[in-house]
Amino acid sequence: MEKVVVLTIIFAVIILYLRSINGELAMLTGICAGIIILFYAFSYLSEVFSVIDRMIELTGIDRDMYKIIFKITSIGYLVEFGADTVSDFGLKSLADKLVFVGKIMIFSISLPIIYAIINLLSGIIQ
């Protein structure tokens with residue numbers, strides 16, 4: 001985690017310096033910095049997958065439900081990252097549209113979970 005923080009601070013200093021010299025180069029450096037920092041975050045995903053596998057084994061809940069939850073979480077993070085990046089370019093209205101589309105995608109992907117909950121509740125009521 002310390003590496004990510006130090007790397008981010010270094011990139012921030014470089015980007016601030018490049019802004020005074022060449023704004024376009026600073027923007028490109030910002031994009032590259034975001035991608036590199038994102039790849040550092042991917043190294044933690046193996047731990048997440050092992051915990052999810054243990055949860056599936058312990059609970060006995062259908063593996064497809066966990067896949068849906070993981071997709072929803074992934075979409076949320078990716079949309080947030082993309083919207084923040086687009087917003088950094090000064091295109092806030094486009095970033096807002098990306099967030100809206102992300103919410104629609106999350107809702108559509110979560111429909112099987114909503115259906116399973118309604119099905120479970122109707123079974124309990126009857």
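Leaving aside neighbours within four places in sequence, Ser110 is in contact with Ile68 and Ile72, where contact means heavy atoms within 4.5 Å. This is a predicted model in which local features need pLDDT of at least 70 and side-chain atom pairs count only at pLDDT 80 or more, while totals for chains, interfaces and linings use all residues. Residues are numbered from 1 along each chain as its sequence is written, and side-chain values use heavy atoms, with hydrogens and water left out.

Ser110 lies in helix H5; helices are DSSP runs of H or I of at least four residues, numbered from the N terminus. Ser110 is buried, at a relative accessible area of 12% (buried is under 20%, exposed over 50%, partly exposed in between, with a 1.4 Å probe and protein chains only). The Ser110 side chain reaches the backbone oxygen of Phe107 at 2.9 Å.

Two helix pairs are listed below. Axes are lines fitted to C-alpha atoms over the stretch in contact, and angles run from 0 to 180 degrees between N-to-C directions.

| Helix pair | Angle | Axis separation |
|---|---|---|
| H4 (residues 63-88) and H5 (residues 92-125) | about 175 degrees | 9 Å |
| H1 (residues 2-21) and H2 | about 170 degrees | 8 Å |

With the angle of about 175 degrees, H4 is roughly antiparallel to H5; that term covers angles over 145 degrees, against under 35 for roughly parallel, 65 to 115 for roughly perpendicular and the rest for oblique. On the H4 side the contact includes Ile68, Ile72, Ile75 and Val79, and on the H5 side Leu98, Gly102, Ile106 and Ser110 are among the residues. The residues of this contact divide into 18 nonpolar, 5 polar and 1 charged. Here Ala, Val, Leu, Ile, Met, Phe, Trp, Tyr, Cys and Pro count as nonpolar, Asp, Glu, Lys and Arg as charged, and the others, Gly among them, as polar.

H1 and H2, packed at about 170 degrees, are likewise roughly antiparallel. Residues of H1 including Leu7, Phe11 and Ile14 meet residues of H2 including Ala26, Ala33 and Tyr40. This contact divides into 13 nonpolar, 4 polar and 2 charged residues.

Ile31 is found in H2, which spans residues 23-42. Ile31 is partly exposed, with a relative accessible area of 32%. The C-alpha atoms of Ile31 and Phe89 are separated by 10.0 Å, and the two residues are 58 apart along the chain.

The protein averages a pLDDT of 86, and 99% of the residues score at least 70; pLDDT is the predictor's confidence in each residue, from 0 to 100.

Key. Helix = DSSP H or I, 4+ residues; strand = E, 2+ residues; numbered from the N terminus. Polar contact = N/O pair within 3.5 Å; in protein donor to acceptor, adjacent residues only side chain to side chain.
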